[in-house]
Structures are given as structure tokens and as C-alpha cells.
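Subject: Structure handover

Hello,

Here is the structure for you to look over. My notes follow below it.

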Amino acid sequence: MMTMSNSALAYRNNAIATASPGDLTLMLYDGAVKFCNLGLMAIEKGDMDGAHQNIVKAQRIIIEFRSTLNFDYPVAKDFDNAYDVIYERLVMANVKKDPVLLEEALGFIREMRDTWKQVLQKVKVSAS
């Protein structure tokens with residue numbers, strides 16, 4: 001297992017501490033993508049424990065997204081439904097160690113991440 005150097009860890013911690021809420025959301029999406037990819041690689045290698053650990057990390061990110069939804073806005077229900085679908089795919093992918101289900105969840109997460117990234121870019125452009 002690769003570990004981060006002290007300077008790399010300090011850089012990452014500083015990036016998180018100084019990030020805007022929008023950038024933190026993007027970081028979480030990126031993390032979910034990363035953990036799904038690591039889960040896929042672990043399944044391919046037959047490392048079922050590694051697959052489990054990484055898929056659970058992706059599941060926890062989706063749980064975090066769902067727990068922070070603000071239902072004062074009607075769109076929150078749409079996000080909740082999307083996160084529910086993703087979470088269910090992740091759970092079933094983990095139970096079955098099924099790369100097809102994991103790829104499906106990963107596709108949804110990537111799509112949401114890419115959309116979020118576009119929104120952030122538009123907000124930054126309009127703010128400048």
C-alpha cells in the first residue's frame with residue numbers, strides 16, 4: 001500500500017480546508033469515482049476484500065450526499081432519487097462483486113460529477 005509523504009498530506013489537507021463548498025462537493029464526486037475504479041480493479045484481481053473496502057467508501061460518499069440534501073428545494077427530491085439508484089447499484093455490486101453493476105454506478109457518478117464541474121465553472125465565470 002502506498003502512503004503519502006508528509007508534504008503531500010499537508011498539501012491535501014490544506015486544499016480541503018480552504019476549498020469552497022462547491023469544490024468540496026467536486027472532491028467528493030472525484031473520490032467516489034476513484035473508489036469505484038479501485039473497486040473494479042480489485043474485482044479484476046480477485047481481491048474481494050479490497051473491492052469491498054473501496055465500494056463501501058463510495059457508498060459512504062453517496063450517503064453523505066443524501067444526508068446533506070436540502071429539501072426546501074424541489075430538485076433535492078430528484079437528487080435523492082438519483083443517489084438512491086446509485087447507492088442500490090453499489091450495494092448490489094458489492095454483494096455480488098459484479099463489475100457490470102459497479103460500472104453502472106460509476107457511470108451515474110461520473111455524469112453527476114461532470115455536470116457539477118460544469119456548474120462550478122459557470123458560477124466562477126459569472127462571478128468574475
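Of the 128 residues in the chain, 30% are buried. Buried means under 20% relative accessible area, exposed over 50% and partly exposed in between, with a 1.4 Å probe and protein chains only.

This is a predicted model, where local features need pLDDT of at least 70, side-chain atom pairs count only at pLDDT 80 or more, and totals for chains, interfaces and linings use all residues. Residues are numbered from 1 along each chain as its sequence is written, and side-chain values use heavy atoms, with hydrogens and water left out.

Overall fold

The chain has five helices and zero strands. Both are DSSP runs numbered from the N terminus: helices are H or I with at least four residues, strands are E with at least two. The C-alpha atoms fill a box of roughly 50 × 40 × 20 Å along the principal axes. Contact means heavy atoms within 4.5 Å. Among contacts in the chain with a separation of 6 or more, 63% join residues 24 or more positions apart.

Core

The largest nonpolar core holds 26 residues. Such a core is a set of buried Ala, Val, Leu, Ile, Met, Phe, Trp, Tyr and Cys residues joined through side-chain atoms within 4.5 Å. Cys36, Ile62, Tyr83, Ile86, Leu90, Leu102 and Ile109 touch the most other members. H2, H3, H4 and helix H5 (99-127) each give two or more residues to this core. H2 has the largest share, eight residues. Take Ile86: neighbours within four places in sequence aside, Ile86 is in contact with Ile62, Ala105, Phe108, Ile109 and Met112.

Pocket

The second largest pocket has a volume of about 340 Å³. A pocket is an open set of points on a 1 Å grid over the protein atoms alone, where a 1.4 Å probe fits, with protein on both sides within 12 Å along at least five of seven lines; lining residues have an atom within 4 Å of a point. The volume is the space filled by probe spheres set on the points, which are joined across faces, edges and corners. This pocket is lined by 16 residues, with Thr68, Leu69, Phe79, Tyr83 and Trp116 nearest its centre. Helix H2 (21-45), helix H3 (48-67) and helix H4 (75-96) each supply at least two lining residues. H2 gives the largest share, five residues.

Lys97 lies in the loop between H4 and H5. Lys97 is not a glycine, yet has a positive phi of about 50°.

Best wishes
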